[in-house]
Amino acid sequence: MSKFHNKGVLLEIRGLKIDGYSDETWVPIIKGVDLTLRRGEVLGLIGESGAGKSTIGAAAMGYARDGTRISEGSIEFDGMELTTATSAEKRALRGSRIAYVAQSAAASFNPAHKLIDQHTEAPLHYRIKKRMEAQEDAMELYERLRLPNPREIGFRYPHQVSGGQLQRAMTAMAMSCRPDLIIFDEPTTALDVTTQIEVLAAIRDIVDQFNTAAVYITHDLAVVAQMADAIKVLLKGEEVEHASTEKMLDAPEEDYTKSLWAVRSFKRPQKSRPEDESKPVISVQGVDAAYTGGAKVLDDVSFDIYPGMTVAVVGESGSGKSTAARVITGLLPPMKGEVLCRDEALPPRYQDRTRDQLRQAQMIYQMADTALNPKSRISDIIGRPAQFYSGLKGQALKQRVDELLDLIELDPASFYNRFPPELSGGQKQRVGIARALAAEPEFIICDEVTSALDQLVAEGILKLLDRLQQELGLAYMFITHDLATVRSIADEVVVMQNGKVVEQGAKDEMFTPPHHPYTDLLLSSVPEMDPNWLTTLLEERGVDNIGEAARV
Amino acid sequence: MGDILGLVAKRLGLGLVTLLVVSVLIFFAVELLPGDIAQAVLGQMATEETLARLREELGLERPAVVRYFDWLAGAVTGDFGTSLIDGEPVTAKITDRFVSTLFLAAYAAVIAVPFAITLGIVVALLRNSIFDRVANVVTLTSISSPEFFLGYILILYLAVKWSMFPAIASISSGMTFLELLERTFLPALTLVLVVTAHMMRMTRAAIINLLASPYIEMARLKGAPPWKVIVRHALPNAWAPIINVVALNLAYLVTGVVLVEVVFVYPGIGQLLVDAVAKRDFPIVQACCLIFAATFILLNLAADVGAILTNPRLRHPK
Amino acid sequence: MSMFVIGYYAALIAASCIAAYFQNRQAFMLLFSLTLVSFVLGIVGGVPALQGVTVFAGILALAAGTSYAFREFLIQVSRPAIAKELRTAPLTAAFGMFVIFTYAIAGIFAPWIAPYGQSEVIASAFEPPNEDMLLGADQLGRDMFSRIVYGARNSVGLALLATILAFMIGALAGLYSAVKGGWLDQLSGRVADVIMSVPSLIFALLMLSIFGTYLWVIVLVVAIIYSPRVFRLTRAVAGNVVVMDYVEAAKLRGEGDWHLIRKEILPNSTAPLIAEFGLEFCFVFLLIAGLSFLGLGIQPPTADWGSMVRENATLISFGDITPLIPAAAIALLTVAVNFVVDWMLFRSSGLKEQ
């Protein structure tokens, strides 16, 4: 972090304005952003979705995506003005002096060519290296990035390599011409936490080794804290705050930044199972399940959910946590085992369940966009379950909808007749909650309900869910991969891996050692807001062990 | 490679089954006739005696299923029975004409396929330019015009007004290859016009579809020039859709040829089919339908197999 | 060199220079390449070729002007939401709408527009155009113009009927398959595969040879032939909607299939289906025209464009364009519908990319 001074300026952006084309007109999406990047420096760009961070990243390469245009300002890269440069001049920079690492490596590698051929494309095109030389260099980079079999992996096709390895191969590709600047556009967002570590470590090492300047774009504060020398916070296309990483973490100045830092603070006391004789609302007993023709995705899964409790089911993608929810709702009949509701076995298929059984278990979805019918009015979306289960009509129905809207803190007068696309993400998620409540259930499955939302909004949703639980005595099954959410809202935790429950118990027990090794790995892999977290962790685990540790 | 062979075999099997089902359809559709074939051929005025004689001749007293298998076995060995009108063997009537039709279709394909694909790629490269828009309008107009419209325009101008090519595509066995090409130039050109437009649009769409992929953006951000983005990054992934386009249009050529043959009085199988339909000569109709359907299914099959073979994910399994 | 030729090149070159001066690169490229092409054309075809180009350009300009005015007209008379959408229509789409509008008028008011009845013999065969007959007489001495006007009603009406039927069959089957899944989905998919694996014209010929050329047979057969296309599209579109969480929520609520289709799926699948309706109409219309041309469609003496082409085809060899007029009427409507559909498809795909 001391390499901040006495270095030449590499990238200088002044008063950048970018327009996006939507609804037949150009609307500004970046409203005057300045940015200075010196050689060897890593700048973190953070902000919520729609803040324009990715657009700025592309603009730093003089590139405007389809449907955007740079309307004002200057972008100067190493003395060359990119806004007025010809496309041939800009093209000559790309790949050779400025490189790009995309969010999804799986989609950004061309499926028709071998990794190494894609790697050597730029060096060959710019006649920097001969083919054999370039290939040797690629293998060396693969080795530095700790890819397994560095001499052979390049001769595979993208679909033959795992996601975390592809992301590292893409970083290697960006390095192929030893650029002065690399733009990292959310390179680890699509990865699981345990995989994320290896990629973060690899990126940081290689950027250090070659002293490359980088712009690191992400929405995850803890991640950017590990990577960047300085951080710039963006909100709706405007800069909020810019400071060195340490200063930004210790003493943020702006209210918005502070609120971002504070969001993980919501916590409520842990409840324990009811003392009396009450039966679990939902009891999953020894369930095996598989999708048609596929391998088993659930293997002897059992857990109980008691009234008024929140049970968090955690695990990485592919662990079977969402499948468990599908078994409970009856969308996927289990091969073995059964689901009990208050000691009464539920029919395996939802088609065979009674209306009352269906009413008992409601669901709230991850993507509020796809969870609400865009062509239905809010009043219909919320009113339909009330009409369907309770037979409410006319004035009574309208009154019930108003009640529900009040419950989720949305003004009935202004939302009653609107359509979902007119709502913000958080508002949609609230409507989704109201729809679940309209059925008057005892039990709600929350499937990653906050992961698609910005942190502040997510916080609001968590608080709302908590309040509703207290008022209505609901039981939640909370599916998530985010341990911070677990910490804040759960009473009990079920940890799943490869379709098996590896550990379960009360939350406080789960978060105090000793853990099951997998729980431990999962817990320690969650980035913390400490710039030295990654370094410390790597030292603890041992450098050669990062990637492989995830596979235990 | 096992995966690929398995997929191809599966696809071939499916094609065979489809063909079988279609043959059932073609055969039993005729059974749906009000009355029966004999009645339909001889009309209302026929006496019971003549009807009975014809029924016996056609073997109608046997159950339909038996006759179907007879017919199918014949079809597989190249025997489609005899014409109801003149009693000649159907196969003899069809063979020459089918060869002529294939010749015409091949003639058009040889011109149209390379031409259309090249143009499609060029237009994809120049997308949203004025040339692209003009090409869009021209090709849309071309596919929207019925074949006989294009055919008659060509006849009117190239044959009647400017006397450059013969209006009637009459061919005989004694002609040299060049003569043949000249005689059939106008029908071939009509087909080329229709098919090129289709193929060009689909090639363009296939490529532009790919241009939205993240790996194309990556290629651009690696500094690849536009032609390289298309040729090296988009094209290798576009083969499957392009092969599909070609096969689809070849299939269209073989069947769309019917109208063109009528316009230019070309002695192909399409012309024969139309005549047979008018005369209700069912053995010929059935035979022609089966041949057309088989060609169609075969080409679609080829497209699917081609798509499987060019898919990098399948070619290089994990 | 005639004055015409000098003027022709002068106009083109001047226009090119103006385009170049105003830095309109595309217009310049178009105009100047036209100039270069004209050199070749002029040498090969002489003055008539250049005159042809001029006439063609004039017709294009006229069509562009009409379309522009018609689009303005539509924008003025329609509601704001629709007007906003219409403003994005390119001239080709506006032209398409204009043509469809004209055909609709001709079809609906045929008996009032046409000076004579469709089967009324008023002159001798193939009589050339005169004051009474705008386009001359056909092979039986009936008024060509009247028959073309009536054709708008008969040919288009029949095609429309068949398209609607095909659409109802296909869309309903597609929606039900998407909702039900399982064996029903598999079965309807296979049936569609089989129907589509027989070339449409061949299938139609087979069926017509069996059941005869009655109108209801044509409508039914054509509807069955083209319903698999609608089925596949609806199935695909609805398939994308069915996996949405809101449909899952409705299923888990215990809603019936009909509610799912009507309230959840259909409202979210209309846009692609409307465009498909246009495309489908083109296919159906061309197929029926083809059948009529082969003498297997609408039977005489009813006026129908396809059969009119065939009946008058002999005139072609005398260099007369009369038989081309009904063919052009077919082509023009198909082009028009395609232009509109093209715009609609572009709109829906363009919005997706954003």
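Across the interface of chain C and chain A of this predicted model, the rule finds 2 salt bridges, a salt bridge being a side-chain nitrogen of Lys or Arg within 4 Å of a carboxyl oxygen of Asp or Glu. In one of them the side chains of C:Glu255 and A:Arg384 meet, at 2.5 Å from N to O. On the side of chain C that touches chain A, helix H10 (245–253) and helix H11 (257–265) each give two or more residues, and H10(C) gives the most, with 7 residues; helices are DSSP runs (H or I, at least four residues), numbered from the N terminus. In this model, local features need pLDDT of at least 70, side-chain atom pairs count only at pLDDT 80 or more, and totals for chains, interfaces and linings use all residues. Residues are numbered from 1 along each chain as its sequence is written, chains are lettered from A in the order in which they are written, and side-chain values use heavy atoms, with hydrogens and water left out.

The area buried between chain C and chain A (the accessible area, for a 1.4 Å probe, that two parts lose on being put together, summed over both) is about 1900 Å², of which carbon and sulfur atoms give 50%. C:Asp245, C:Leu252 and C:Arg253 supply 34% of the area that chain C buries against chain A, more than any other three residues.

Chain B and chain C bury about 4000 Å² between them, with 82% of it on carbon and sulfur atoms. B:Ser144, B:Phe148 and B:Tyr152 supply 15% of the area that chain B buries against chain C. Between these two chains the count is 1 salt bridge, in which the side chains of B:Arg201 and C:Asp342 meet at 3.3 Å, N to O.
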